[in-house]
Amino acid sequence: MPVTTGLHHVTAIAGDPQANADFYVGLLGLRFVKRTVNHDDTGTYHFYFGDYEGTPGTNVTFFPWTERGRRGEFGAGQTRAIAYRIPVAAVDYWVDRLETNGVAVERAERFGEPVLRFEDPDGIGLELVAAGGESPAVPWPDGPVPADRQLQGFHSVTLAVESLGPTADVLTDVLGFEEDGTEDGRHRYRSGPGGFAAVVDLVETDADRGRMGVGTVHHVAFRAESVAELREFRTAYHERDIRTSDIVDRSYFHALYAREPGGVLFELSTPEPGFTADEALADLGSSLVLPEWLEADREAIEAQLPAFDGPTVPGDG
Ligand code: ZN
């Protein structure tokens, strides 16, 4: 049975693209690693933010539906928080940076690690977890945050479900996660190899099923080694009578989708070909990239897209 090594990316629905990029690039200091459009809805941007190289396990991606987009409603079957790792010595830096820029921060401690909780401009739950250990995330040398304070890829996601069992079974029996403790109703799972960005927390909620829209997470993607391994995961889902997509080409990775019984859309994604498939490393995210089959329509596509001037950094005036 294949085993995922952890998170690959998380994709969410934002409102205004400008506010979204200003927050994730300008304030949080993630690098803009790809600026493209939703291939199925070319009037909507698709933004990818991550470490300098867009390393799997560091990337949060958004479809900014603009302020006219339908608001989502948080509920069962949704991601309650996306957590990034920060260095232990960076906690006070981040409290100060966030509060100075008008973001309310709540301090907590969880499984012995300091946690900062806050929301992005659309109400998506974010956390910074001061975790020790090594991270493969590559600092962005020209970023607005000093290299030794930058986000170091994902720590975890927290999924809210009506009841633990069905989702836990998919994590353990299909994806290869193992139980790793419980604290205050939070059930922690860690992917078998116990590496980077390898934690999923499950919490139970009394809320009704959520509704996808602005301010909610669309799906959570886990790492698969290869297309061959995606086929093995597909078989593992089917053996549990869970429907999947076909294996699809997402330009920067190959992907397989399945909605787990608790309602969360799971994806599995390969590391290849990565974000340098259509841009040089130094240029990632600097201009609008379209797949070949849309390039002929570039002018019309650009004319339809909402206003967006590129990310602004606080203090740049
Ligand atoms: Zn995805």
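Let me start with Asp173 and Arg240, whose side chains meet in a salt bridge, 3.1 Å from N to O. A salt bridge here is a side-chain nitrogen of Lys or Arg within 4 Å of a carboxyl oxygen of Asp or Glu. Asp173 lies in helix H3 and Arg240 in the loop between helix H4 (227-239) and strand E14 (248-249), so the pair ties together parts that are 67 residues apart in sequence. Helices (H or I, at least four residues) and strands (E, at least two) are DSSP runs, numbered from the N terminus.

A word on the source. This is a predicted model, where local features need pLDDT of at least 70 and side-chain atom pairs count only at pLDDT 80 or more, while totals for chains, interfaces and linings use all residues. Residues are numbered from 1 along each chain as its sequence is written, and side-chain values use heavy atoms, with hydrogens and water left out.

Now, accessibility. Buried means under 20% relative accessible area, exposed over 50%, and partly exposed in between (1.4 Å probe, protein chains only). Asp173 has 33% relative accessibility, so it counts as partly exposed. Arg240, at 37%, also counts as partly exposed.

Staying with H3, residues 164-174, which of its residues are buried? They are Leu164, Thr167, Ala168, Val170, Leu171 and Val174. An α-helix has 3.6 residues a turn, so residues three or four places apart point the same way. After H3 comes Gly176, with a positive phi near 85°.

Back to charges. By the rule I gave, the count is 13 salt bridges. One of them joins Arg107 and Asp92, with the closest N and O atoms 3.2 Å apart. Arg107 is in strand E6 (residues 106-110) and Asp92 in helix H2 (residues 91-100), so this pair ties together parts 15 residues apart in sequence. Both Arg107 and Asp92 are exposed.

Another pair is Arg234 and Asp246, at 3.1 Å, N to O. Arg234 lies in H4 and Asp246 in the loop between H4 and E14, so parts 12 residues apart in sequence are tied together. Arg234 is partly exposed at 26%, whereas Asp246, at 53%, counts as exposed. Lys34, Asp278 and Glu279 are linked in a network of salt bridges.

Last, Leu288. This residue sits in the loop between strand E16 (265-273) and helix H5 (292-295). Is Leu288 buried or exposed? At 13% relative accessibility, Leu288 counts as buried. Leaving aside neighbours within four places in sequence, its contacts (heavy atoms within 4.5 Å) are Arg35, Thr36, Val37, Tyr45, Arg298, Glu302 and Leu305.
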